[in-house]
Amino acid sequence: MFGSGVRFVFACVMTVAAAGCGKARFDYAPVSGRVTLDGEPVADAIIRFVPEKTGDSAIVGPSSVAVTDADGRYELRVSRPGTPRGAVPGRHEVRLDPVDDPASDEDEDVIVKVPRDAAGPRSFDVPPEGTSTADLTYTTGS
């Protein structure tokens, strides 16, 4: 009834349409702040905000990431390409990731900017309107 070319085009159109169905859309809020450790700015730290699951929804949204500048300041960017700066509103787990040591050829050499046992925020609530005061203040046991 239909030629193979028509069936192929129809299959392609249906595949593209199905791929777009159910695609979650998220709102993003601008988030920036400063990271300090024992009162000093933490430069070149990788910060990751990972949305936490709330309620029955299995969809939590993409994480956001930033790197601090020399003064410890950062501005989050959603980790998906083509998305705006910021984060999905809601509660997030805050992670400070180790940074590879560019002066070393060893795979194991990383710089930990904030020790895991430092006291400080492990989560952050991103308000729907965003915030410019998402300051992450950490202290060591000394």
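# Close-up views of a predicted model

**View 1. The lining of the largest cavity.** By class, the residues that line the largest cavity comprise six nonpolar, no polar and two charged ones. These lining residues are Ala45, Ile46, Leu96, Asp97, Pro98, Val112, Lys113 and Val114, and the space that lies in this largest cavity amounts to about 30 Å³. A search of the whole structure, which is a predicted model, finds one cavity of 30 Å³ or more. Rolling a probe the size of a water molecule over the atoms shows where empty space is left.

**View 2. The largest pocket and the residues around it.** The largest pocket has a volume of about 260 Å³, and 13 residues line this pocket, with Arg95, Leu96, Val114, Arg116 and Arg122 lying nearest its centre. Which strand gives the most to the lining of the largest pocket? That strand is β7, residues 90-97, which contributes five residues to the lining. Sorted by class, the lining of the largest pocket holds eight nonpolar residues, no polar residues and five charged residues. A reader who compares this view with the previous one will find Leu96 and Val114 named in the lining of the cavity and also among the residues nearest the centre of the pocket.

**View 3. The open sheet of five strands.** Five strands form an open sheet, and their order across the sheet is β6-β4-β3-β7-β10, with antiparallel pairing. Strands β6 (77-78) and β10 (123-126) stand at the edges and have a single partner strand each, so one side of each is left without a neighbour in the sheet. The pairing of β7 with β10 is antiparallel and runs over four bridges, and within this pairing Arg91 has Asp125 in β10 as its bridge partner.

**View 4. Strand β1 and its partners.** Strand β1 covers residues 32-37 and pairs with β5 in the antiparallel sense over three bridges, and here Ser32 has Glu75 in β5 as its bridge partner. With strand β11 (residues 136-138), β1 pairs in the parallel sense, again over three bridges, and Thr36 stands opposite Thr137 in β11. Strand β2 (residues 40-41) runs antiparallel to β1 and is joined to it by two bridges, with Pro41 in β2 as the bridge partner of Thr36. β1 and β2 form a hairpin with two residues between them, and in the turn Asp38 has a positive phi of about 55°.

**View 5. Gly72 in its loop.** Gly72 is found in the loop between β4 (64-67) and β5 (73-75). Is Gly72 buried or exposed? Gly72 has a relative accessible area of 0%, and because buried means under 20% relative accessible area, Gly72 counts as buried. Leaving aside neighbours within four places in sequence, Gly72 is in contact with Gly33, Arg34, Val35, Pro41 and Val42. The C-alpha atoms of Gly72 and Ala43 are separated by 4.9 Å, although these two residues are 29 residues apart along the chain.

**View 6. Ser63 in its loop.** Ser63 lies in the loop between β3 (46-51) and β4. Its relative accessible area is 17%, so Ser63 too is described as buried, since the limit for that word is under 20%. Not counting residues up to four places away in sequence, Ser63 touches Arg48, Phe49, Val50, Pro51, Val78 and Ser79.

**View 7. The whole chain and the confidence of the prediction.** The protein chain has one helix and eleven strands, and buried residues make up 28% of its 142 residues. Of the contacts in the chain with a separation of 6 or more, 64% are between residues 24 or more positions apart. The chain averages a pLDDT of 79, and 74% of the residues score at least 70. Among the elements, helix α1 (residues 4-20) has the lowest mean pLDDT, at 47, whereas β5 has the highest, at 96. Over residues 9-23 the pLDDT is below 50, and beyond near neighbours in sequence this stretch has zero contacts in the model. Where pLDDT is low, the predicted coordinates should not be read in detail.

Notes
Residues numbered from 1 in each chain as written. Predicted model: local features only at pLDDT ≥ 70, side-chain atom pairs only at ≥ 80, totals over all residues. Heavy atoms only, no water. Buried < 20%, exposed > 50% of the residue type's maximum accessible area, 1.4 Å probe, protein only. Contact = heavy atoms within 4.5 Å. 1 Å grid on protein atoms, 1.4 Å probe; cavity = no way out; pocket = protein on both sides within 12 Å on 5 of 7 lines; lining within 4 Å. Points joined across faces, edges and corners; volume = space filled by probe spheres on them. Nonpolar A, V, L, I, M, F, W, Y, C, P; charged D, E, K, R; others polar. pLDDT = per-residue confidence, 0-100. Pairing = 2+ DSSP bridges.
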